[in-house]
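Please open the structure in your viewer and keep the selection tool at hand.

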Amino acid sequence: MLKIAWASQSRLARLIRRKLPHRARFFSYPTKGLSTKQLLLSSASLLTSFSLLANTELNASFVNPIMPDDYKVTTIASDLKSPWSMVQLPNKTWLITERDGHIVIAKNGQQIRVKLALDGLYVAGQGGLLDVVLAPDYSVSKEVLFTYAQGKLNANRLVIAKARFDGEQFSTPTIIYQVATDKGTPQHYAGRALVLPDNTLLFSSGDGFDYREQAQVKTSQLGKVLRIKLDGSIPEDNPFSQHENNKAHAVYTLGHRNTQGLIYDYDSQQVVSHEHGPAGGDELNYLTAGENYGWPVITYGKDYSQARISPFTKYPGMKLPSVDWTPSIAPSGMAYYGSQHSSFTSLQRHALITTLVDKKLYAVNLANGDFTQTHVFPDITGRLRDVFVTSKGGIAVLADGSDAKLTLITPE
């Protein structure tokens, strides 16, 4: 994800003139289980905020810091090799995915690395083992769900698998669903998973980078958010479950590029996503079943060559994002800090977002209608891959790279 310099004055003026309700544009300037990924949390010590006010006039404003109580940062695991996601078990054990197919099991300052027997794991480009979430009945079933890339260069896809965990080892994972559209690139798998309150599973499938037009094709499963039951079958109330082509049956929303954030805002009972744009045009969206989110027909981003992707920033029948980040911040993980968490009350009803380009942890206010953005915990820096909130209200942040670590932020 390329980071572009300042938006031009004419560009900025055009953005202000677009009086789009409930929409915010943020500009980056140089200077998951019993407590699964639907109930996630964070904390605050904030810097610059950019918000779209009720009159839709763009303002860049400084917000006085809302300091949390004293907090401490503890290292949970270190020497991680290209980690992608993590989840905490009810007994406080952490499971951390590494893209080469390993799971790091961390507890009480100890960690071990075990290899999952993933059928056809494809590790190349952005592919490999990706997300991990707990089955909603984990305390009984001990089942853990994974997303990963499967296949080879000329034919690969995202798949969903599940395995039982006995506290030390995993059973051989069983594939419960595979994206029905193959691609010939090792990019844009998306791969984020979210267990919904009705015990169905949402997961994101990227556009494959070279297949962007398929994001608009209902019978392609690229560039979509898909919804399945935990046994891999299709819910009857999916928006296109009666389509004549069964590839459309799992489609929940379409018109996405590379969605890597999915949360359930239980306070408003809405699903929120974020996705990577190209050079600019990263987005935060509220997802509604059956809706089209526009990629690549509408976007504020440009191609990496700086060529224009589309002449449209809005189009009939396509949803506008609630937040657009231009230049790109490269959002990666996302967690919801809801009203049920009180360790850091200043962040209640915020989405926490890790970033790869901006190398910061952001909080976006989902309650105020302005989507005010703040930079929280400025001492947590570097390429940040994922964020998770524990049942106790701790905020776990996973770094990216070949020698990464998982840290936990808790009240002092």
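Begin by selecting Phe-209, which is partly exposed, with a relative accessible area of 32% in this predicted model. The residue sits in the loop between strand 14 (200–205) and strand 15 (224–229). Its phi is positive, about 70°, although Phe-209 is not a glycine. Most residues other than glycine have a negative phi.

Next, select His-188, in the loop between strand 12 (174–178) and strand 13 (190–195). Here too phi is positive, near 55°, in a residue other than glycine. Is His-188 buried or exposed? His-188 is buried, with a relative accessible area of 4%.

The following stop concerns two peptide bonds. Most peptide bonds are trans. Select Trp-295 and Pro-296: the bond joining them is cis, with omega near -5°. Pro-296 belongs to the loop between strand 19 (282–287) and strand 20 (323–325). Then move to Thr-326 and Pro-327, which are also linked by a cis peptide bond, with omega about 0°. Pro-327 lies in the loop that runs between strand 20 and strand 21 (331–337).

Now select Glu-275, in strand 18 (residues 270–275). Glu-275 is buried yet forms no salt bridge. Which side chain of opposite charge is nearest to Glu-275? That side chain is Arg-257, at 7.0 Å. Beyond residues up to four places away in sequence, Glu-275 touches several others, among them His-256, Asn-258, Asp-282 and Pro-331.

Proceed to the nonpolar interior. In soluble globular proteins, nonpolar side chains tend to be buried together. The largest nonpolar core has 35 residues, and Phe-170 and Leu-406 have the most contacts inside it. Strand 7 (residues 102–107) contributes the most to this core, with four residues. Select Leu-406 and display its surroundings: leaving aside neighbours within four places in sequence, its contacts include Ile-76, Leu-80, Met-86, Trp-94 and Val-397. A second, separate core of 26 residues can be located through Ile-263, Met-334, Tyr-336 and Val-364, which are included in it.

Finally, colour the chain by pLDDT. The mean is 87, and 83% of the residues reach 70 or more. Residues 1–23 stay under 50, and the model has 53 contacts beyond four places in sequence for them. Residues 34–67 are likewise below 50, with 131 contacts beyond near neighbours in sequence. Where pLDDT is low, the predicted coordinates should not be read in detail.

Note on methods:
Residues numbered from 1 in each chain as written. Predicted model: local features only at pLDDT ≥ 70, side-chain atom pairs only at ≥ 80, totals over all residues. Heavy atoms only, no water. pLDDT = per-residue confidence, 0-100. Contact = heavy atoms within 4.5 Å. Helix = DSSP H or I, 4+ residues; strand = E, 2+ residues; numbered from the N terminus. Buried < 20%, exposed > 50% of the residue type's maximum accessible area, 1.4 Å probe, protein only. Lys, Arg positive; Asp, Glu negative; His and termini not counted. Salt bridge = Lys/Arg side-chain N within 4 Å of Asp/Glu carboxyl O. Core = buried A, V, L, I, M, F, W, Y, C linked by side-chain atoms within 4.5 Å.
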